[in-house]
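Morning, everyone. One structure today, and I'll keep it short. Please have a look at it on the screen.

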Amino acid sequence: MDKFEKAKGLEESDKVKYEGFFGSSLYFKVTTSKDHQVIFRVTNNRWMCDCEWSALHKNYCSHIMACRQWLMKREKEASGL
Ligand SMILES: [Zn+2]
């Protein structure tokens, strides 16, 4: 399973919890074997996650992918598409 499929699974199985908008960042909690904090900083369009994978790679981890999918889905709904 690649991380895109994994992210889709996380998003669809409701593992993404939106915690709120604080300062200029969106906060999410993604629950896998552990809880991960994912933050989207709106001011510079940056995603961050506290997992090890994210610290070792420059790319987005499955937790961030799941939150991005969550966000895109809500944006679509909000714009009536
Ligand atoms: Zn992560």
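Start with Y18. Its relative accessibility is 39%, which means that Y18 counts as partly exposed. The cut-offs: buried is under 20% relative accessible area, exposed is over 50%, and partly exposed is in between, with a 1.4 Å probe and protein chains only.

Some ground rules before I go on. This is a predicted model, where local features need pLDDT of at least 70, side-chain atom pairs count only at pLDDT 80 or more, and totals for chains, interfaces and linings use all residues. Residues are numbered from 1 along each chain as its sequence is written, and side-chain values use heavy atoms, with hydrogens and water left out.

Now the sheet. Helices (H or I, at least four residues) and strands (E, at least two) are DSSP runs, numbered from the N terminus. Two strands pair if DSSP finds at least two bridges between them. Here we have an open sheet of 4 strands, in the order β1-β2-β3-β4, with antiparallel pairing. Which strands stand at the edges? β1 (16-22) and β4 do; each has a single partner strand, so one side of each is left without a neighbour in the sheet. From one strand to the next, the twist averages 20°.

Take the pairings. Strand β2, residues 25-31, runs antiparallel to β3, and 7 bridges join the two. Contact means heavy atoms within 4.5 Å. Axes are lines fitted to C-alpha atoms, for helices over the stretch in contact, and angles run from 0 to 180 degrees between N-to-C directions.

Next, strand β3 (residues 35-41) and β4. They pair in the antiparallel sense over 4 bridges. I39 stands opposite M48 in β4. The hairpin of β3 and β4 has 4 residues between the strands, and N45 takes a positive phi near 60° there.

In a regular strand the side chains alternate between the two faces of the sheet. Look at β4, residues 46-49: W47 and C49 make its covered face, R46 and M48 its uncovered one.

On to the rings. How many aromatic pairs does a search of the whole structure find? It finds 6. Rings of Phe, Tyr and Trp (its six-membered ring) pair if their centres lie within 6.5 Å; planes under 30 degrees apart count as stacked, over 60 as edge-to-face, and the rest as tilted. Back to Y18, then. Y18 and F28 form a tilted pair, at 5.5 Å centre to centre and 50° between the planes. Y18 lies in strand β1 and F28 in strand β2, so this pair ties together parts that are 10 residues apart in sequence.

F28 is buried, at 0% relative accessible area. F28 also pairs with W70: centres 5.4 Å apart, planes at 75°, so that pair is edge-to-face. With F28 in strand β2 and W70 in helix α3, the parts tied together are 42 residues apart in sequence. W70 is buried too, at 14%. Y18, F28, F40, W47 and W70 form one aromatic cluster.

Last stop, L10 in helix α1, residues 3-12. Buried or exposed? L10 is buried, with a relative accessible area of 8%. Beyond its neighbours within four places in sequence, L10 is in contact with several residues, including V16, V30 and A66. That's it from me.
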